[in-house]
Amino acid sequence: MPSKNFERSVKFYEGKTQDGAPVWLPLVEVILITPSNSRISLSLLFDTGASVTTLRADLYPLLGLQSWNEGLRVPTGTGGGQVDAYQYTANIEVFGKSIQCPINLLQTLPPHPFFCGLLGRDTVFNEFGFGFWESTHELFVTENP
Amino acid sequence: MRLSETTFEKIGDFKSFFESASIEAKSPTEFLSALDRTGIESNVTEEGHLMIRYWQIGAENFVSPEQASIIRTSRPLPDQGDNMDWLSKNLQTIRQENCGKWVAVYNERIVASSSTLPDLMNQIKEYDRPLITLIPAEPVIWTFAYAL
């Protein structure tokens, strides 16, 4: 039976849908290093289903851009069909590590006060191991997978 | 490695201030005001504990910027308080006051808000790692389409 050790945990936050039903969200605070070297914290939804870390398009000023769609166009499959995302590279700090990773900007992510994007797999997940207990809302992270 | 004598003097000054202020203050409120005047960040927890934060340079040019970068990624960053926790607990009030605005949360309080993100960024240059989010004017959509 394999045994794994984890050094960190990701906190789940309770949101409420319009009909009052609870929704538990695994949220990760990610530090984005802007082109002017400011350090900004963003709350991202931990999402194993997202191939690339994705931010809402209206966050483009944080990447030093004049508009959200001046990067590499990347047709992206979403639950609502295929849409264009635009891809950039950014430096982030997450779970205590500095990582340069692709960041997609996407217009179809609706605004939410608790998170402004998705923490996706590309480059980021390679650095860590994860353990997930849905029933108890526990997500554990190791920096030494 | 040896820290300067000035460093120890400053730490001593801080202890002296804390002791004298705690004796002179006639109430917790007065004591908190004394901390505010001195620039010491404080927070009274829900349990009634007084938490203080007082950043003081321990040693200037302790390491090179390159070494600092390596050290900072291998050590946990100082606790800022849980801004997300605070946001989730106070969302209703925050929404009433900042509906449709970008907000910056730092040390469990809103330190800036604006209708545009560039303007917000201009207001928060002095803060390290403020949490930024948009407080939507519209009801939150839960059945959204996301990147796969």
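**Entry 1: a surface patch on chain B**

I began with Val44(B), which is partly exposed, its relative accessible area being 46%. I kept in mind from the start that this is a predicted model. Looking up where Val44(B) sits, I found the residue in strand E1 of chain B, which covers residues 41-44.

**Entry 2: how chains A and B meet**

I next asked how many residues of each chain are in contact with the other, and I wrote down 35 residues of chain B and 46 residues of chain A. The size of an interface is often given as the accessible area lost when the parts come together. For chain B and chain A I noted about 3300 Å² buried between them, with 65% of it on carbon and sulfur atoms. On the side of chain B that touches chain A, the elements that give two or more residues are helix H3 (65-74), H4, helix H5 (91-98), helix H6 (117-123) and strand E5 (131-134). I also recorded nine residue pairs in polar contact between the two chains, counting pairs with both residues at pLDDT 80 or more, and three salt bridges across the interface.

Side chains of opposite charge can pair when their charged atoms come close. I looked up Lys11(A) and Asp85(B), whose side chains meet in a salt bridge at 3.2 Å, N to O. This pair crosses between chains, running from the loop between strand E1 (8-10) and strand E2 (12-16) of chain A, where Lys11(A) lies, to helix H4 (residues 83-89) of chain B, where Asp85(B) lies. Lys11(A) is partly exposed at a relative accessible area of 38%. I noted too that a network of salt bridges links Lys11(A), Asp82(B), Asp85(B) and Lys89(B).

**Entry 3: salt bridges within chain A**

In one, Arg56(A) pairs with Asp58(A), their closest N and O atoms being 3.1 Å apart. Is Arg56(A) buried or exposed? I found that Arg56(A) counts as buried, because its relative accessibility is 2% and the cut-off for buried is under 20%; Asp58(A), at 31%, counts as partly exposed.

In the other, Asp84(A) and Arg73(A) form a salt bridge, with 3.1 Å between the closest N and O atoms. Asp84(A) lies in strand E7 (residues 81-94) and Arg73(A) in strand E6 (residues 72-78) of chain A, so this pair ties together parts that are eleven residues apart in sequence. Asp84(A) is partly exposed at 32%, and Arg73(A) is partly exposed at 47%.

Definitions and conventions: Residues are numbered from 1 along each chain as its sequence is written. Chains are lettered from A and ligands numbered from 1 in the order in which they are written. This is a predicted model: local features need pLDDT of at least 70, side-chain atom pairs count only at pLDDT 80 or more; totals for chains, interfaces and linings use all residues. Side-chain values use heavy atoms; hydrogens and water are left out. A salt bridge is a side-chain nitrogen of Lys or Arg within 4 Å of a carboxyl oxygen of Asp or Glu. Helices (H or I, at least four residues) and strands (E, at least two) are DSSP runs, numbered from the N terminus. Buried means under 20% relative accessible area, exposed over 50%, partly exposed in between (1.4 Å probe, protein chains only). Contact means heavy atoms within 4.5 Å. Buried area is the accessible area (1.4 Å probe) that two parts lose on being put together, summed over both. A polar contact is a pair of N or O atoms within 3.5 Å; within protein, one must be able to donate a hydrogen and the other to accept it, and residues adjacent in sequence count only if both atoms are side-chain atoms.
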